[in-house]
Amino acid sequence: MSEPRSRLAVYPGSFDPLTNGHVDIIRRGALLFDRIVIAILVNMDKSPLFSEDERVEIAREVFREDVNVEVETFHGLLVDYAARRGADVIVRGLRAISDFELEMQMALMNRRLSQSIETVFMMPDERYTYLSSRLAKEVFALGGSLHGLVPAVVETRLRQKAGARVPGLQA
Ligand code: PNS
């Protein structure tokens, strides 16, 4: 009998910054799949608060003890990246109905582009259903607390950026 195939999932996103909602989905994915790769989009059109290297460093720090979680960057089509990696699953989080329309469009477009990859949606813990990277940045910029909403390393790095008066963080 042949060995069962090892299942590799990719969890793509901007992660600018990583939130506890992302962390929750990644840990759930790591239980379901043999390996899960956090695939950080390098998007030349956007000007992210955290650089590509910073986003990779943050994710590696948060998942340093999770042996089946990897961190990489990608650019171009997600399905091409997934094929290069030999992944057969794309994991996406669904927080609320408002996420559904765009997520459905992306899942069906990815299916049209590649028949061999399946999108799997997972729901985060209800504590994070209203949380997004955009809101986290806004709350921080306006002096609100992000405690419990983002990993400690993200809070620390946000404070460092605020201290260095990085544009996008001053209210
Ligand atoms: O965290 P985000 O910004 O919601 O993630 C969006 C992401 C990275 C999943 C999406 O923009 C993406 O897959 N971009 C890669 C380009 C691509 O493959 N586009 C066509 C299929 S939707």
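Is Phe15 buried or exposed in this predicted model? At 5% relative accessibility, Phe15 counts as buried, where buried denotes under 20% relative accessible area, exposed over 50%, and partly exposed the range in between (1.4 Å probe, protein chains only). The model is predicted, so that local features require pLDDT of at least 70 and side-chain atom pairs count only at pLDDT 80 or more, whereas totals for chains, interfaces and linings use all residues. Residues are numbered from 1 along each chain as its sequence is written, and side-chain values use heavy atoms, with hydrogens and water left out.

Phe15 is found in the loop between β1 and α1; helices (H or I, at least four residues) and strands (E, at least two) are DSSP runs, numbered from the N terminus. The phi of Phe15 is near 50°, a positive value in a residue other than glycine. Pro17 lies in the loop between β1 and α1 as well, and the peptide bond from Asp16 to Pro17 is cis, with omega near 5°. Most residues other than glycine have a negative phi, and most peptide bonds are trans.

Helix α1 spans residues 20-32 and includes Asn20. Asn20 counts as buried, at 14% relative accessibility. Neighbours within four places in sequence left aside, Asn20 is in contact (heavy atoms within 4.5 Å) with Tyr128, Leu131, Gly148, Leu149, Val150 and Pro151. His22 is also placed in helix α1 and is buried at 16% relative accessibility. Residues up to four places away in sequence not being counted, His22 touches Tyr11, Phe15, Pro17 and Ser133.

A nonpolar core is defined as a set of buried Ala, Val, Leu, Ile, Met, Phe, Trp, Tyr and Cys residues joined through side-chain atoms within 4.5 Å. The largest such core has 35 residues, and those with the most contacts inside it are Leu18, Ile26, Ile36, Ile38, Phe63, Val91 and Leu158. At least two residues of this core are supplied by each of β1 (8-13), α1, β2 (35-41), α2 (52-62), β3 (69-74), β4 (89-93), α5 (133-141) and α6 (152-163). Another core, of 12 residues, lies apart from it and has Val10, Ala39, Leu78 and Tyr81 among its residues. In soluble globular proteins, nonpolar side chains tend to be buried together.

Ile36 and Ala9 are 27 residues apart in sequence, yet their C-alpha atoms are 4.7 Å apart in space. With neighbours within four places in sequence left aside, the contacts of Ile36 include Leu8, Ala9, Tyr11, Ile26, Val69 and Val91.

Helix α3 (residues 78-85) has Leu78, Val79, Tyr81 and Ala82 as its buried residues. Seen down the axis of α3, these residues fall within an arc of 160°, so they line one face of the helix; the arc is that of the directions from the helix axis to the C-beta atoms. The buried residues of α3 pack against β1, β2, β3, β4 and α4 (97-113). On the other side of α3, Ala83 and Arg84 are exposed. Just after α3, Gly86 takes a positive phi of about 75°.

Arg55 is placed in helix α2 and is buried, with a relative accessible area of 8%. Not counting residues up to four places away in sequence, Arg55 touches Ser14, Phe15, Asp16, Ile40, Leu41, Pro48 and Phe50. The side chain of Arg55 reaches the backbone oxygen of Leu41 at 3.4 Å. Arg55 and Glu65, 10 residues apart in sequence, are 17 Å apart in space, C-alpha to C-alpha.

The ligand is surrounded by Pro12, Gly13, Ser14, Leu41, Phe74, Gly76, Leu77, Leu78, Arg92, Met106 and Asn110, a residue being assigned to the surroundings if one of its heavy atoms lies within 4 Å. An N or O atom in the side chain of Ser14 is 2.7 Å from an oxygen atom of the ligand. For Leu78, a backbone N or O atom lies 2.8 Å from a ligand oxygen atom. An N or O atom in the side chain of Arg92 is 3.0 Å from an oxygen atom of the ligand. Taken alone, the ligand exposes 540 Å², of which the protein buries 71%; accessible areas come from the Shrake-Rupley method with a 1.4 Å probe.

Methods: A polar contact is a pair of N or O atoms within 3.5 Å; within protein, one must be able to donate a hydrogen and the other to accept it, and residues adjacent in sequence count only if both atoms are side-chain atoms.
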